[in-house]
Amino acid sequence: MNVKRSKKLKQLTIYIFLIVYSIIILYPILWSASNSLKTNREIYASPWSLPTQPRWQNYAEAWSGGKIGNCFKNSVIVTLLSIAIIAIIAPMAAYSLARLEFKGKRLIFYLFLGGMFIAPIAALVPLLILLRDLHLVDTYFALIFPYIAYGLSLSILILRSFFVTLPRSLEDAARVDGLSPLKIYWKIMLPLALPALYTVIILQTIFVWNEFLFALVFIRSLDMFTLPRGLMAFRGTYVTMYGPLNAGIIIAALPPIILYIIFSDRIRKGMVIGLQKG
Amino acid sequence: MTFIPAKKIQFILKGKKTAYLLLLPALIIFVIFFVYPNAHVFYLSLFRWTGISPQKFFIGFENYRRLLFKDTIWIKAVINTAIIAIQSIGIQIPVALALAIVLNKKIRGAGIFTSIIFLPLLISLVAIAMVWTWMYDPSFGIINKVLEKLGLTILAREWLGDMSTALFSVIVTINWIYIGLYVVILMAGLKSIPKSIFDAARVDGLSELQTACRITIPLLKEVIAVVIIMCITGSFKSFDLIWIMTYAGPAHATEVVSTHLYRMGFRRLEAGYASAIGVIIFFICLITIVIQLRIMRIKIAK
(Lines give C-alpha, C1' and ligand atoms only; values in the text may rest on other atoms or scores of the structure.)
Protein backbone atom coordinates (compact mmCIF):
# COMPACT_ATOMS: atom_id res chain seq x y z
CA MET A 1 0.00 0.00 0.00
CA ASN A 2 2.82 2.30 0.92
CA VAL A 3 4.50 1.49 -2.35
CA LYS A 4 1.31 2.36 -4.19
CA ARG A 5 1.03 5.70 -2.46
CA SER A 6 4.64 6.64 -3.18
CA LYS A 7 4.07 5.69 -6.80
CA LYS A 8 1.04 7.97 -6.93
CA LEU A 9 3.08 10.74 -5.36
CA LYS A 10 5.79 10.27 -7.94
CA GLN A 11 3.25 10.46 -10.75
CA LEU A 12 1.88 13.65 -9.26
CA THR A 13 5.33 15.26 -9.07
CA ILE A 14 5.99 14.32 -12.68
CA TYR A 15 2.74 15.89 -13.80
CA ILE A 16 3.34 19.07 -11.83
CA PHE A 17 6.80 19.34 -13.36
CA LEU A 18 5.44 18.83 -16.88
CA ILE A 19 2.51 21.19 -16.43
CA VAL A 20 4.65 23.98 -14.98
CA TYR A 21 7.13 23.60 -17.81
CA SER A 22 4.37 23.63 -20.42
CA ILE A 23 2.93 26.80 -18.93
CA ILE A 24 6.35 28.45 -19.13
CA ILE A 25 6.52 27.53 -22.82
CA LEU A 26 2.94 28.45 -23.69
CA TYR A 27 2.66 31.63 -21.65
CA PRO A 28 4.65 34.02 -23.92
CA ILE A 29 2.82 32.72 -26.99
CA LEU A 30 -0.64 33.04 -25.45
CA TRP A 31 0.27 36.41 -23.94
CA SER A 32 1.15 37.68 -27.40
CA ALA A 33 -2.08 36.24 -28.85
CA SER A 34 -4.10 37.88 -26.10
CA ASN A 35 -2.32 41.23 -26.47
CA SER A 36 -2.95 41.13 -30.21
CA LEU A 37 -6.63 41.69 -29.42
CA LYS A 38 -6.21 44.42 -26.81
CA THR A 39 -5.88 48.18 -26.77
CA ASN A 40 -2.71 49.69 -25.38
CA ARG A 41 -4.59 50.86 -22.30
CA GLU A 42 -5.75 47.32 -21.60
CA ILE A 43 -2.24 45.97 -22.06
CA TYR A 44 -0.86 48.37 -19.48
CA ALA A 45 -3.77 48.21 -17.03
CA SER A 46 -4.52 44.50 -16.97
CA PRO A 47 -1.68 42.46 -18.40
CA TRP A 48 -3.06 39.20 -16.98
CA SER A 49 -6.63 39.33 -18.20
CA LEU A 50 -8.01 38.26 -21.53
CA PRO A 51 -9.19 41.00 -23.88
CA THR A 52 -12.61 42.23 -22.78
CA GLN A 53 -13.67 43.02 -26.31
CA PRO A 54 -11.42 41.51 -28.95
CA ARG A 55 -10.06 44.27 -31.17
CA TRP A 56 -9.84 42.59 -34.53
CA GLN A 57 -8.90 45.97 -36.01
CA ASN A 58 -5.40 45.32 -34.70
CA TYR A 59 -5.04 42.63 -37.34
CA ALA A 60 -6.34 44.89 -40.09
CA GLU A 61 -3.98 47.61 -38.89
CA ALA A 62 -0.98 45.24 -38.97
CA TRP A 63 -1.99 43.77 -42.32
CA SER A 64 -2.32 47.03 -44.24
CA GLY A 65 -0.98 49.88 -42.09
CA GLY A 66 2.01 47.89 -40.90
CA LYS A 67 2.53 46.37 -44.38
CA ILE A 68 2.48 42.89 -42.84
CA GLY A 69 0.13 41.83 -45.63
CA ASN A 70 2.69 42.77 -48.23
CA CYS A 71 5.43 40.99 -46.28
CA PHE A 72 3.17 37.95 -46.10
CA LYS A 73 2.89 37.98 -49.88
CA ASN A 74 6.68 38.28 -50.24
CA SER A 75 7.24 35.44 -47.79
CA VAL A 76 4.79 33.25 -49.69
CA ILE A 77 6.51 33.96 -53.02
CA VAL A 78 10.04 33.41 -51.71
CA THR A 79 9.04 30.28 -49.81
CA LEU A 80 7.09 28.74 -52.69
CA LEU A 81 9.81 29.33 -55.26
CA SER A 82 12.65 28.15 -53.02
CA ILE A 83 10.79 25.03 -51.95
CA ALA A 84 9.59 24.22 -55.48
CA ILE A 85 13.15 24.27 -56.79
CA ILE A 86 14.53 22.31 -53.83
CA ALA A 87 11.74 19.74 -54.26
CA ILE A 88 12.78 19.19 -57.87
CA ILE A 89 16.56 19.23 -57.72
CA ALA A 90 17.25 17.75 -54.26
CA PRO A 91 15.71 14.31 -54.94
CA MET A 92 17.50 14.18 -58.29
CA ALA A 93 20.86 14.78 -56.64
CA ALA A 94 20.03 12.51 -53.71
CA TYR A 95 19.15 9.62 -56.02
CA SER A 96 22.29 10.16 -58.01
CA LEU A 97 24.40 10.12 -54.84
CA ALA A 98 22.57 7.11 -53.38
CA ARG A 99 22.47 4.75 -56.33
CA LEU A 100 24.39 5.68 -59.43
CA GLU A 101 28.12 5.10 -59.70
CA PHE A 102 30.41 7.88 -60.83
CA LYS A 103 33.68 9.53 -60.04
CA GLY A 104 33.89 12.01 -57.17
CA LYS A 105 30.63 10.81 -55.60
CA ARG A 106 31.97 10.66 -52.06
CA LEU A 107 33.65 14.04 -52.29
CA ILE A 108 30.49 15.69 -53.60
CA PHE A 109 28.42 14.12 -50.85
CA TYR A 110 30.78 15.47 -48.19
CA LEU A 111 30.70 18.87 -49.84
CA PHE A 112 26.91 18.92 -49.60
CA LEU A 113 27.11 17.85 -45.96
CA GLY A 114 29.24 20.91 -45.29
CA GLY A 115 26.27 23.13 -46.05
CA MET A 116 24.55 21.75 -42.98
CA PHE A 117 27.28 22.53 -40.54
CA ILE A 118 28.93 25.76 -41.64
CA ALA A 119 27.03 28.66 -40.05
CA PRO A 120 25.47 30.84 -42.78
CA ILE A 121 26.92 33.97 -41.18
CA ALA A 122 30.49 32.82 -41.95
CA ALA A 123 30.16 33.66 -45.65
CA LEU A 124 27.77 36.57 -45.27
CA VAL A 125 30.13 39.22 -46.67
CA PRO A 126 31.21 37.33 -49.82
CA LEU A 127 27.64 36.20 -50.41
CA LEU A 128 26.42 39.79 -50.44
CA ILE A 129 29.23 40.75 -52.83
CA LEU A 130 28.33 37.86 -55.12
CA LEU A 131 24.65 38.82 -55.15
CA ARG A 132 25.61 42.42 -55.86
CA ASP A 133 27.82 41.40 -58.78
CA LEU A 134 24.94 39.35 -60.14
CA HIS A 135 22.59 42.35 -59.67
CA LEU A 136 20.30 40.27 -57.51
CA VAL A 137 20.34 42.37 -54.32
CA ASP A 138 16.85 43.52 -53.37
CA THR A 139 15.14 40.95 -55.60
CA TYR A 140 13.39 37.75 -54.56
CA PHE A 141 16.29 35.80 -56.02
CA ALA A 142 18.73 37.35 -53.54
CA LEU A 143 16.96 35.15 -51.01
CA ILE A 144 15.82 32.24 -53.16
CA PHE A 145 19.26 31.16 -54.39
CA PRO A 146 20.95 31.21 -50.97
CA TYR A 147 17.93 29.47 -49.40
CA ILE A 148 18.16 26.73 -52.00
CA ALA A 149 21.94 26.37 -51.58
CA TYR A 150 21.75 26.19 -47.79
CA GLY A 151 18.60 24.04 -47.87
CA LEU A 152 20.01 21.44 -50.25
CA SER A 153 22.33 19.85 -47.69
CA LEU A 154 19.67 18.70 -45.27
CA SER A 155 17.24 17.83 -48.07
CA ILE A 156 19.80 15.68 -49.86
CA LEU A 157 20.84 14.03 -46.62
CA ILE A 158 17.27 13.03 -45.74
CA LEU A 159 16.38 11.92 -49.28
CA ARG A 160 19.61 10.03 -49.87
CA SER A 161 19.24 8.01 -46.69
CA PHE A 162 15.73 7.12 -47.87
CA PHE A 163 16.82 6.05 -51.36
CA VAL A 164 19.54 3.87 -49.86
CA THR A 165 16.92 1.78 -48.04
CA LEU A 166 14.92 0.96 -51.18
CA PRO A 167 15.64 -2.54 -52.52
CA ARG A 168 17.84 -2.70 -55.61
CA SER A 169 15.66 -5.37 -57.14
CA LEU A 170 13.18 -2.63 -58.07
CA GLU A 171 15.64 -1.04 -60.45
CA ASP A 172 16.88 -4.38 -61.78
CA ALA A 173 13.35 -5.35 -62.71
CA ALA A 174 12.77 -2.03 -64.43
CA ARG A 175 16.03 -2.36 -66.31
CA VAL A 176 15.03 -5.76 -67.59
CA ASP A 177 11.84 -4.13 -68.81
CA GLY A 178 14.05 -1.79 -70.84
CA LEU A 179 13.58 1.44 -68.89
CA SER A 180 16.41 3.98 -69.13
CA PRO A 181 18.08 5.15 -65.90
CA LEU A 182 16.31 8.50 -66.18
CA LYS A 183 12.93 6.81 -66.55
CA ILE A 184 13.71 4.53 -63.61
CA TYR A 185 14.28 7.60 -61.48
CA TRP A 186 11.23 9.46 -62.68
CA LYS A 187 8.70 6.64 -62.93
CA ILE A 188 9.72 4.34 -60.09
CA MET A 189 12.15 5.78 -57.56
CA LEU A 190 10.81 9.31 -57.17
CA PRO A 191 7.20 8.22 -56.48
CA LEU A 192 8.51 5.85 -53.81
CA ALA A 193 10.47 8.66 -52.18
CA LEU A 194 7.43 10.92 -51.80
CA PRO A 195 7.09 10.46 -48.01
CA ALA A 196 10.69 11.62 -47.51
CA LEU A 197 10.13 14.43 -50.00
CA TYR A 198 7.12 15.66 -48.02
CA THR A 199 9.25 15.80 -44.88
CA VAL A 200 11.85 17.84 -46.76
CA ILE A 201 9.21 20.21 -48.12
CA ILE A 202 7.59 20.86 -44.74
CA LEU A 203 10.90 21.36 -42.96
CA GLN A 204 12.35 23.70 -45.55
CA THR A 205 9.11 25.66 -45.62
CA ILE A 206 9.48 26.37 -41.91
CA PHE A 207 13.18 27.25 -42.19
CA VAL A 208 12.69 29.57 -45.16
CA TRP A 209 9.57 31.17 -43.69
CA ASN A 210 11.44 32.14 -40.53
CA GLU A 211 14.84 33.05 -41.99
CA PHE A 212 16.06 36.46 -40.89
CA LEU A 213 19.81 37.02 -41.39
CA PHE A 214 19.87 36.81 -45.21
CA ALA A 215 16.64 38.80 -45.37
CA LEU A 216 18.25 41.51 -43.26
CA VAL A 217 21.35 41.85 -45.42
CA PHE A 218 20.26 41.05 -48.98
CA ILE A 219 16.96 42.97 -49.09
CA ARG A 220 16.92 46.73 -48.82
CA SER A 221 13.52 48.12 -49.72
CA LEU A 222 10.46 47.97 -47.55
CA ASP A 223 8.12 46.47 -50.13
CA MET A 224 10.48 43.52 -50.69
CA PHE A 225 10.70 42.52 -47.00
CA THR A 226 9.72 39.02 -45.93
CA LEU A 227 7.83 38.57 -42.65
CA PRO A 228 10.69 38.36 -40.10
CA ARG A 229 12.38 41.41 -41.62
CA GLY A 230 9.00 43.13 -41.96
CA LEU A 231 8.22 42.54 -38.29
CA MET A 232 11.46 44.24 -37.31
CA ALA A 233 10.64 47.25 -39.50
CA PHE A 234 7.07 47.27 -38.19
CA ARG A 235 8.38 47.52 -34.62
CA GLY A 236 10.57 50.40 -35.77
CA THR A 237 7.59 52.43 -37.00
CA TYR A 238 4.87 51.35 -34.54
CA VAL A 239 7.21 51.47 -31.51
CA THR A 240 4.62 51.19 -28.74
CA MET A 241 1.42 50.20 -30.54
CA TYR A 242 1.51 46.77 -28.99
CA GLY A 243 -1.87 45.54 -30.22
CA PRO A 244 -1.05 45.68 -33.94
CA LEU A 245 2.55 44.59 -33.31
CA ASN A 246 1.37 41.44 -31.56
CA ALA A 247 -1.16 40.88 -34.34
CA GLY A 248 1.75 40.96 -36.81
CA ILE A 249 3.63 38.41 -34.72
CA ILE A 250 0.66 36.07 -34.66
CA ILE A 251 0.19 36.42 -38.42
CA ALA A 252 3.85 35.45 -38.94
CA ALA A 253 3.78 32.59 -36.43
CA LEU A 254 0.50 31.00 -37.47
CA PRO A 255 1.47 29.24 -40.74
CA PRO A 256 4.34 27.20 -39.21
CA ILE A 257 2.22 26.39 -36.17
CA ILE A 258 -0.61 25.14 -38.40
CA LEU A 259 1.87 23.00 -40.33
CA TYR A 260 3.13 21.70 -36.99
CA ILE A 261 -0.34 20.76 -35.79
CA ILE A 262 -0.85 18.71 -38.95
CA PHE A 263 2.60 17.17 -39.32
CA SER A 264 4.08 17.29 -35.81
CA ASP A 265 5.85 13.93 -35.86
CA ARG A 266 7.38 14.42 -39.29
CA ILE A 267 8.57 17.91 -38.37
CA ARG A 268 10.11 16.85 -35.07
CA LYS A 269 12.00 13.95 -36.61
CA GLY A 270 13.30 16.06 -39.47
CA MET A 271 14.24 19.00 -37.26
CA VAL A 272 16.30 16.76 -35.05
CA ILE A 273 18.54 16.17 -38.05
CA GLY A 274 18.11 19.65 -39.46
CA LEU A 275 18.92 21.77 -36.45
CA GLN A 276 22.17 19.97 -35.87
CA LYS A 277 23.62 22.33 -38.43
CA GLY A 278 25.79 25.22 -37.30
CA MET B 1 36.31 -13.78 -67.15
CA THR B 2 32.76 -12.73 -66.87
CA PHE B 3 30.80 -11.92 -69.89
CA ILE B 4 29.10 -8.53 -69.82
CA PRO B 5 26.48 -8.14 -72.46
CA ALA B 6 26.80 -5.12 -74.71
CA LYS B 7 23.39 -3.95 -73.60
CA LYS B 8 24.49 -3.84 -69.97
CA ILE B 9 27.63 -1.83 -70.81
CA GLN B 10 25.49 0.59 -72.69
CA PHE B 11 23.23 0.86 -69.65
CA ILE B 12 26.14 1.55 -67.31
CA LEU B 13 27.43 4.29 -69.58
CA LYS B 14 23.97 5.77 -69.78
CA GLY B 15 23.76 5.47 -66.01
CA LYS B 16 26.88 7.53 -65.60
CA LYS B 17 25.55 10.24 -67.83
CA THR B 18 22.27 10.19 -65.96
CA ALA B 19 24.10 10.45 -62.65
CA TYR B 20 25.83 13.66 -63.66
CA LEU B 21 22.68 14.99 -65.29
CA LEU B 22 20.61 14.47 -62.15
CA LEU B 23 23.31 15.92 -59.92
CA LEU B 24 24.12 18.95 -62.00
CA PRO B 25 21.35 21.47 -61.14
CA ALA B 26 21.81 21.04 -57.39
CA LEU B 27 25.58 21.06 -57.68
CA ILE B 28 25.67 24.26 -59.73
CA ILE B 29 23.51 26.24 -57.30
CA PHE B 30 25.39 24.79 -54.34
CA VAL B 31 28.82 25.63 -55.74
CA ILE B 32 27.88 29.17 -56.73
CA PHE B 33 25.98 30.16 -53.59
CA PHE B 34 27.66 28.05 -50.93
CA VAL B 35 31.10 26.75 -51.91
CA TYR B 36 32.31 29.86 -53.69
CA PRO B 37 31.37 32.40 -50.96
CA ASN B 38 32.84 30.14 -48.28
CA ALA B 39 36.11 30.01 -50.20
CA HIS B 40 36.06 33.68 -51.15
CA VAL B 41 35.83 34.66 -47.48
CA PHE B 42 39.42 33.45 -46.94
CA TYR B 43 40.67 35.70 -49.73
CA LEU B 44 38.72 38.73 -48.56
CA SER B 45 40.02 38.32 -45.01
CA LEU B 46 43.49 39.35 -46.24
CA PHE B 47 42.39 42.83 -47.28
CA ARG B 48 41.41 46.11 -45.80
CA TRP B 49 38.27 46.95 -47.71
CA THR B 50 34.99 48.80 -47.17
CA GLY B 51 33.09 46.28 -49.28
CA ILE B 52 31.95 49.11 -51.54
CA SER B 53 34.92 51.06 -52.84
CA PRO B 54 36.72 49.66 -55.89
CA GLN B 55 40.03 49.68 -54.00
CA LYS B 56 41.13 46.82 -51.78
CA PHE B 57 44.35 47.01 -49.79
CA PHE B 58 46.23 43.77 -49.28
CA ILE B 59 47.34 43.61 -45.65
CA GLY B 60 48.19 39.93 -45.19
CA PHE B 61 47.22 38.60 -41.80
CA GLU B 62 46.78 42.03 -40.25
CA ASN B 63 43.01 41.46 -39.73
CA TYR B 64 43.76 38.34 -37.72
CA ARG B 65 46.41 40.11 -35.69
CA ARG B 66 43.86 42.80 -34.92
CA LEU B 67 41.35 40.15 -33.79
CA LEU B 68 43.86 38.52 -31.51
CA PHE B 69 45.46 41.54 -29.93
CA LYS B 70 43.68 44.81 -30.57
CA ASP B 71 39.92 44.34 -30.57
CA THR B 72 38.61 44.33 -27.00
CA ILE B 73 35.00 44.10 -28.17
CA TRP B 74 35.89 40.95 -30.08
CA ILE B 75 37.35 39.43 -26.91
CA LYS B 76 34.12 40.32 -25.12
CA ALA B 77 32.11 38.74 -27.96
CA VAL B 78 34.14 35.53 -27.72
CA ILE B 79 33.68 35.38 -23.97
CA ASN B 80 29.92 35.97 -24.23
CA THR B 81 29.61 33.34 -26.96
CA ALA B 82 31.51 30.90 -24.74
CA ILE B 83 29.27 31.76 -21.79
CA ILE B 84 26.19 31.04 -23.90
CA ALA B 85 27.65 27.73 -25.06
CA ILE B 86 28.78 26.61 -21.61
CA GLN B 87 25.55 27.55 -19.87
CA SER B 88 23.62 25.75 -22.64
CA ILE B 89 25.56 22.61 -21.79
CA GLY B 90 25.16 23.13 -18.06
CA ILE B 91 21.46 24.07 -18.00
CA GLN B 92 19.70 23.00 -21.20
CA ILE B 93 21.06 19.46 -21.29
CA PRO B 94 20.21 18.47 -17.67
CA VAL B 95 16.71 19.98 -17.95
CA ALA B 96 16.19 18.36 -21.35
CA LEU B 97 17.41 15.03 -20.00
CA ALA B 98 15.02 15.19 -17.06
CA LEU B 99 12.11 16.03 -19.36
CA ALA B 100 13.10 13.30 -21.83
CA ILE B 101 13.32 10.64 -19.11
CA VAL B 102 9.94 11.65 -17.73
CA LEU B 103 8.28 11.83 -21.14
CA ASN B 104 9.70 8.43 -22.08
CA LYS B 105 7.72 6.78 -19.26
CA LYS B 106 4.56 6.19 -21.29
CA ILE B 107 2.56 8.54 -19.12
CA ARG B 108 -0.76 9.88 -20.29
CA GLY B 109 -0.48 13.04 -22.37
CA ALA B 110 3.22 12.56 -23.11
CA GLY B 111 2.57 13.33 -26.78
CA ILE B 112 0.87 16.63 -26.03
CA PHE B 113 3.59 17.68 -23.59
CA THR B 114 6.28 16.87 -26.16
CA SER B 115 4.44 18.91 -28.78
CA ILE B 116 4.19 21.92 -26.46
CA ILE B 117 7.84 21.74 -25.40
CA PHE B 118 8.94 21.73 -29.05
CA LEU B 119 6.68 24.64 -30.06
CA PRO B 120 9.24 27.51 -29.76
CA LEU B 121 11.37 25.95 -32.52
CA LEU B 122 8.59 26.56 -35.04
CA ILE B 123 8.30 30.29 -34.49
CA SER B 124 10.41 32.99 -36.11
CA LEU B 125 13.20 34.11 -33.79
CA VAL B 126 12.29 37.71 -34.58
CA ALA B 127 8.77 37.15 -33.22
CA ILE B 128 10.12 35.36 -30.14
CA ALA B 129 12.66 38.11 -29.52
CA MET B 130 9.97 40.81 -29.74
CA VAL B 131 7.62 39.05 -27.32
CA TRP B 132 10.42 38.39 -24.83
CA THR B 133 11.58 41.99 -25.07
CA TRP B 134 8.09 42.98 -23.92
CA MET B 135 8.07 40.34 -21.20
CA TYR B 136 11.18 42.02 -19.81
CA ASP B 137 9.71 45.50 -20.23
CA PRO B 138 9.80 47.40 -16.93
CA SER B 139 6.40 49.09 -17.37
CA PHE B 140 4.10 46.29 -18.53
CA GLY B 141 6.34 43.23 -18.79
CA ILE B 142 5.15 40.16 -17.01
CA ILE B 143 8.45 39.34 -15.36
CA ASN B 144 8.58 42.40 -13.12
CA LYS B 145 4.85 42.02 -12.40
CA VAL B 146 5.40 38.46 -11.19
CA LEU B 147 8.28 39.57 -8.99
CA GLU B 148 6.10 42.30 -7.49
CA LYS B 149 3.32 39.81 -6.78
CA LEU B 150 5.83 37.57 -5.04
CA GLY B 151 6.98 40.48 -2.91
CA LEU B 152 10.33 40.59 -4.64
CA THR B 153 9.98 44.13 -5.97
CA ILE B 154 13.61 44.60 -5.06
CA LEU B 155 14.58 42.28 -7.92
CA ALA B 156 12.48 44.08 -10.53
CA ARG B 157 14.55 46.01 -13.01
CA GLU B 158 14.99 46.93 -16.65
CA TRP B 159 16.30 43.51 -17.51
CA LEU B 160 17.56 44.12 -21.03
CA GLY B 161 18.71 47.67 -20.44
CA ASP B 162 20.82 46.81 -17.43
CA MET B 163 24.40 45.83 -18.26
CA SER B 164 24.54 43.36 -15.42
CA THR B 165 21.39 41.45 -16.39
CA ALA B 166 21.14 41.79 -20.18
CA LEU B 167 23.18 38.70 -21.07
CA PHE B 168 21.44 36.63 -18.42
CA SER B 169 18.04 37.70 -19.74
CA VAL B 170 18.92 36.80 -23.31
CA ILE B 171 20.20 33.42 -22.11
CA VAL B 172 16.87 32.69 -20.40
CA THR B 173 15.13 33.21 -23.74
CA ILE B 174 17.69 31.03 -25.57
CA ASN B 175 17.07 28.23 -23.07
CA TRP B 176 13.31 28.66 -23.43
CA ILE B 177 13.68 28.00 -27.16
CA TYR B 178 16.24 25.23 -27.43
CA ILE B 179 15.51 22.87 -24.53
CA GLY B 180 12.64 21.42 -26.60
CA LEU B 181 14.99 20.42 -29.39
CA TYR B 182 17.28 18.53 -27.05
CA VAL B 183 14.32 16.84 -25.35
CA VAL B 184 13.25 15.39 -28.69
CA ILE B 185 16.78 14.29 -29.60
CA LEU B 186 17.38 12.68 -26.22
CA MET B 187 13.97 10.96 -26.38
CA ALA B 188 14.97 9.42 -29.69
CA GLY B 189 18.12 8.15 -27.96
CA LEU B 190 16.15 6.78 -25.00
CA LYS B 191 13.84 4.85 -27.31
CA SER B 192 16.83 2.88 -28.57
CA ILE B 193 17.64 1.59 -25.07
CA PRO B 194 15.91 -1.79 -24.48
CA LYS B 195 13.19 -1.61 -21.84
CA SER B 196 14.51 -4.72 -20.11
CA ILE B 197 17.50 -2.74 -18.87
CA PHE B 198 15.24 -0.33 -16.99
CA ASP B 199 13.17 -3.24 -15.66
CA ALA B 200 16.32 -4.87 -14.33
CA ALA B 201 17.30 -1.63 -12.64
CA ARG B 202 13.90 -1.49 -10.93
CA VAL B 203 14.20 -5.09 -9.75
CA ASP B 204 17.62 -4.26 -8.32
CA GLY B 205 15.96 -1.46 -6.37
CA LEU B 206 17.77 1.44 -7.99
CA SER B 207 16.18 4.82 -7.39
CA GLU B 208 15.14 7.09 -10.23
CA LEU B 209 18.27 9.20 -9.83
CA GLN B 210 20.57 6.19 -9.57
CA THR B 211 19.05 4.73 -12.72
CA ALA B 212 19.65 8.01 -14.54
CA CYS B 213 23.25 8.37 -13.41
CA ARG B 214 24.37 4.75 -13.65
CA ILE B 215 22.38 3.48 -16.59
CA THR B 216 20.64 6.10 -18.72
CA ILE B 217 23.43 8.66 -19.01
CA PRO B 218 26.24 6.18 -19.76
CA LEU B 219 24.07 4.50 -22.41
CA LEU B 220 23.23 7.86 -23.96
CA LYS B 221 26.88 8.95 -24.04
CA GLU B 222 27.01 9.37 -27.81
CA VAL B 223 23.71 11.22 -28.08
CA ILE B 224 24.72 13.54 -25.25
CA ALA B 225 28.03 14.22 -26.98
CA VAL B 226 26.16 15.23 -30.13
CA VAL B 227 23.88 17.48 -28.09
CA ILE B 228 26.90 19.12 -26.43
CA ILE B 229 28.34 19.90 -29.86
CA MET B 230 24.99 21.34 -30.90
CA CYS B 231 25.09 23.65 -27.89
CA ILE B 232 28.47 24.91 -29.06
CA THR B 233 27.53 25.48 -32.71
CA GLY B 234 24.15 26.79 -31.57
CA SER B 235 25.88 29.70 -29.85
CA PHE B 236 26.75 31.03 -33.33
CA LYS B 237 23.10 31.00 -34.29
CA SER B 238 22.04 33.47 -31.64
CA PHE B 239 22.30 36.44 -34.02
CA ASP B 240 18.58 36.90 -34.76
CA LEU B 241 17.54 36.79 -31.15
CA ILE B 242 20.24 39.06 -29.76
CA TRP B 243 20.06 41.59 -32.56
CA ILE B 244 16.30 42.04 -32.08
CA MET B 245 16.36 41.99 -28.28
CA THR B 246 19.33 44.24 -27.52
CA TYR B 247 21.25 45.14 -30.69
CA ALA B 248 24.13 43.45 -28.82
CA GLY B 249 23.99 46.20 -26.18
CA PRO B 250 23.86 47.86 -23.78
CA ALA B 251 27.51 48.83 -24.23
CA HIS B 252 28.32 45.45 -25.86
CA ALA B 253 27.03 43.56 -22.81
CA THR B 254 25.36 41.01 -25.10
CA GLU B 255 27.87 41.16 -27.95
CA VAL B 256 28.52 37.74 -29.50
CA VAL B 257 30.74 36.62 -32.38
CA SER B 258 27.93 36.78 -34.95
CA THR B 259 26.70 40.25 -33.96
CA HIS B 260 30.26 41.52 -34.06
CA LEU B 261 30.70 40.17 -37.58
CA TYR B 262 27.47 41.82 -38.69
CA ARG B 263 28.29 45.16 -37.12
CA MET B 264 31.80 45.24 -38.57
CA GLY B 265 30.81 44.08 -42.04
CA PHE B 266 27.60 45.98 -42.59
CA ARG B 267 27.56 48.91 -40.16
CA ARG B 268 31.23 49.86 -39.97
CA LEU B 269 31.88 48.79 -43.57
CA GLU B 270 34.95 46.76 -42.70
CA ALA B 271 34.28 43.90 -45.09
CA GLY B 272 37.82 42.49 -44.86
CA TYR B 273 37.79 42.44 -41.09
CA ALA B 274 34.31 40.89 -40.97
CA SER B 275 35.56 38.22 -43.38
CA ALA B 276 38.36 37.34 -40.96
CA ILE B 277 35.70 36.78 -38.29
CA GLY B 278 33.82 34.66 -40.85
CA VAL B 279 36.91 32.53 -41.39
CA ILE B 280 37.19 31.88 -37.67
CA ILE B 281 33.51 30.87 -37.46
CA PHE B 282 34.06 28.64 -40.50
CA PHE B 283 36.91 26.80 -38.79
CA ILE B 284 35.07 26.35 -35.52
CA CYS B 285 32.14 24.84 -37.44
CA LEU B 286 34.52 22.63 -39.41
CA ILE B 287 36.15 21.29 -36.25
CA THR B 288 32.75 20.48 -34.76
CA ILE B 289 31.69 18.57 -37.90
CA VAL B 290 34.81 16.44 -37.71
CA ILE B 291 34.18 15.65 -34.06
CA GLN B 292 30.50 14.99 -34.68
CA LEU B 293 31.18 12.67 -37.60
CA ARG B 294 33.70 10.82 -35.44
CA ILE B 295 31.11 10.35 -32.72
CA MET B 296 28.44 9.18 -35.09
CA ARG B 297 31.13 6.98 -36.64
CA ILE B 298 30.20 8.36 -40.01
CA LYS B 299 26.96 6.43 -39.89
CA ILE B 300 25.29 8.69 -42.42
CA ALA B 301 28.06 8.50 -44.97
CA LYS B 302 27.53 4.74 -45.15
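**Asking how we know**

Visitor: What makes Ala248(B) count as buried or exposed?

Guide: Ala248(B) has 25 other C-beta atoms within 10 Å. The cut-off for buried is 20 or more, so Ala248(B) is called buried. Please keep in mind that this is a predicted model.

Visitor: And Ala251(B), is that one buried or exposed, and why?

Guide: Ala251(B) has 11 other C-beta atoms within 10 Å. Exposed means 12 or fewer, so Ala251(B) is exposed.

Visitor: Where do Ala248(B) and Ala251(B) lie?

Guide: Ala248(B) is in the loop between H11 and H12 of chain B, and Ala251(B) lies in that loop too. Pro250(B) is also there, and the helices on either side are H11 (239-246) and H12 (257-267).

Visitor: What is phi at Ala248(B) and at Ala251(B)?

Guide: Phi is near 70 degrees at Ala248(B), a positive value in a residue other than glycine. Ala251(B) likewise has a positive phi, near 50 degrees, and is not glycine either.

Visitor: Which kind of peptide bond, cis or trans, leads from Gly249(B) to Pro250(B)?

Guide: That bond is cis, with omega near -10 degrees.

Visitor: Let's turn to chain A. Why does the span of helix H7 of chain A agree with its number of residues?

Guide: H7(A) covers residues 141-165, which is 25 residues, and at 1.5 Å a residue they should span 36 Å. The end C-alpha atoms are 35 Å apart, so the two values agree.

Visitor: Where is the kink in H7(A) centred?

Guide: The kink is centred on Leu152(A) and is about 40 degrees.

Visitor: How many residues of H7(A) are buried?

Guide: Of its 25 residues, 21 are buried, and H7(A) is therefore described as mostly covered.

Visitor: What span does helix H12 of chain A reach?

Guide: H12(A), residues 227-238, reaches 15 Å from its first C-alpha to its last. For its 12 residues 16 Å is expected at 1.5 Å a residue, and the value is close to that. Its buried residues include Leu227(A), Pro228(A), Met232(A) and Phe234(A), as well as Arg229(A) and Arg235(A).

Visitor: How does the radius of gyration of chain B compare with that of a compact globule?

Guide: A compact globule of 302 residues would have a radius of gyration near 19 Å, but chain B has 25 Å. The C-alpha trace of chain B spans about 85 × 70 × 30 Å along its principal axes. Buried residues make up 44% of chain B.

Visitor: Which domains is chain B divided into?

Guide: Domain 1 is 1-32 and domain 2 is 58-295, by an automatic or database assignment. Their C-alpha centres lie 44 Å apart. Chain A is divided into domain 1 (2-35) and domain 2 (68-274), with C-alpha centres 35 Å apart.

Visitor: How many residues of chain B are in contact with chain A?

Guide: There are 76 residues of chain B in contact with 77 residues of chain A. Helix H1 of chain B (residues 6-44) gives the most to this side of chain B, with 23 residues. By class, the side has 57 nonpolar, 14 polar and 5 charged residues.

Key:
Residues are numbered from 1 along each chain as its sequence is written. Chains are lettered from A and ligands numbered from 1 in the order in which they are written. This is a predicted model: local features need pLDDT of at least 70, side-chain atom pairs count only at pLDDT 80 or more; totals for chains, interfaces and linings use all residues. Helices (H or I, at least four residues) and strands (E, at least two) are DSSP runs, numbered from the N terminus. The expected span of a helix is 1.5 Å times one less than its number of residues. Two residues are in contact if their C-beta atoms, placed from the backbone, lie within 7 Å. Ala, Val, Leu, Ile, Met, Phe, Trp, Tyr, Cys and Pro count as nonpolar, Asp, Glu, Lys and Arg as charged, and the others, Gly among them, as polar. The radius of gyration is taken over C-alpha atoms; the globule rule is 2.2 Å times the number of residues to the power 0.38. The bend at a residue is the angle between axes fitted to the seven residues ending there and the seven starting there.
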